[in-house]
Amino acid sequence: MRYFLRSSSLIVRGKFRVCSSGSNGGIRNCTTLINHQVPHDFSMDPEKELELLALSLGLSYPGTAGLLTAVDMNTLCILSWDNLTVFVTAGITHPDQADPAVSDSGYTPGTINIIVLVQGFHDQALVDAVITVTEAKALALRDAGFGFVGTVTDAVLIASEGSGPIRYAGSATRIGQMIHEGAYAGVTKALLRQADTKKRGPSFFIRSGMGGPHWFLWEKEHCRYYPCHYEGQCCDFCYCPLYPCQDTTLGDWIEKPGRSPVWACTRCLLNHHPQVTRHLIRNPEASLQELKTLYSRYI
């Protein structure tokens, strides 16, 4: 899986089995997921907009599953927890019920879009996860003090890297609990980002167990774990867009009792080398082997 921002769009590339309520949705295989920012007065055919976007990016539209939003992509929240990744943009100007609190809240464009990336899901679990995400979104809105459970244009996209044996993703399951917590935290934090007038860029949150379970905001300038590898390392891609690369020359699978294996980037320094980082910024779909070859020239 690889993700990056391009043309006011979040682009996620890989080999996925998806369940999407967005344009060109349904349950199917695809190679690209998109959350695309459109103008506030957008009135085009959503599927045509996504098709034109895919063509402009050199992507296959039949292999694309997309969502549209007028929310500023600089408010995007990305949350990572083991093999779970959640992407959320959130605005609430068009709630599904009238609520006077909305007009005075400071929030702007509507639509809550949630993309959840998992691994090894059966189609049944993909549908189950849509329910779990929707429940978490509704709870996050209620706890934020709003009297509605979504907007009229909300969308959910669940994507599994490869089909697998996992058939259940309700909140009674371990993976369902993770999805629920990730979606709840993502909606809560994305609403706060939407109300923030600075909007400097996407926010990255990591689920940590150190000092008790919690989500912490990763910031390059104030990272509590620096240096995690060596003094002077480049940290632009601490939040690795290659994860999990599953290259055993760079990392290892960590077994945890009663839980799915977790990929640990034990030996990887690729994204901490300045030359590799600059190359990946310029070429976000560079292959892992390409980056390893470049890295080998400087060590």
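D247 counts as buried at 15% relative accessibility, where buried means under 20% relative accessible area, exposed over 50% and partly exposed in between (1.4 Å probe, protein chains only). The model is predicted: local features need pLDDT of at least 70, side-chain atom pairs count only at pLDDT 80 or more, and totals for chains, interfaces and linings use all residues. Residues are numbered from 1 along each chain as its sequence is written, and side-chain values use heavy atoms, with hydrogens and water left out.

**Surroundings of D247**
- D247 is found in the loop between β10 (214-218) and β11 (252-256); strands (E, at least two residues) and helices (H or I, at least four) are DSSP runs, numbered from the N terminus.
- With neighbours within four places in sequence left aside, D247 is in contact (heavy atoms within 4.5 Å) with W263, L288 and K292.

**Aromatic rings**
- The structure holds five aromatic pairs. Rings of Phe, Tyr and Trp (its six-membered ring) pair if their centres lie within 6.5 Å; planes under 30 degrees apart count as stacked, over 60 as edge-to-face and the rest as tilted.
- One of the pairs is Y3 with F87, whose ring centres are 5.2 Å apart and whose planes stand at 75°, so this pair is edge-to-face.
- This pair links distant parts of the chain, as Y3 belongs to strand β1 (residues 2-6) and F87 to strand β6 (residues 84-91), 84 residues apart.
- Y3 is buried, with a relative accessible area of 9%, and F87 is buried at 1%.
- The rings of F146 and F148 have centres 5.4 Å apart and planes at 35°, so they form a tilted pair; both residues are buried.
- R207 lies over the face of W81, at 3.9 Å from the ring centre; a charge sits over a ring if NZ of Lys or CZ of Arg is within 6 Å of the ring centre and within 35 degrees of the ring normal.

**Helix α5 and its packing**
- In helix α5 (residues 274-282), the buried residues are V276, T277, H279 and L280.
- Viewed down the axis of α5, these residues fall within an arc of 165°, so they line one face of the helix; the arc is that of the directions from the helix axis to the C-beta atoms.
- The cover over the buried residues of α5 includes β1 and α6 (288-296).
- The axes of α5 and α6 come within 9 Å and cross at roughly 145°; axes are lines fitted to C-alpha atoms, for helices over the stretch in contact, with angles from 0 to 180 degrees between N-to-C directions.
- Q275, V276, H279 and L280 of α5 make the contact with E290, L291, L294 and Y295 of α6.
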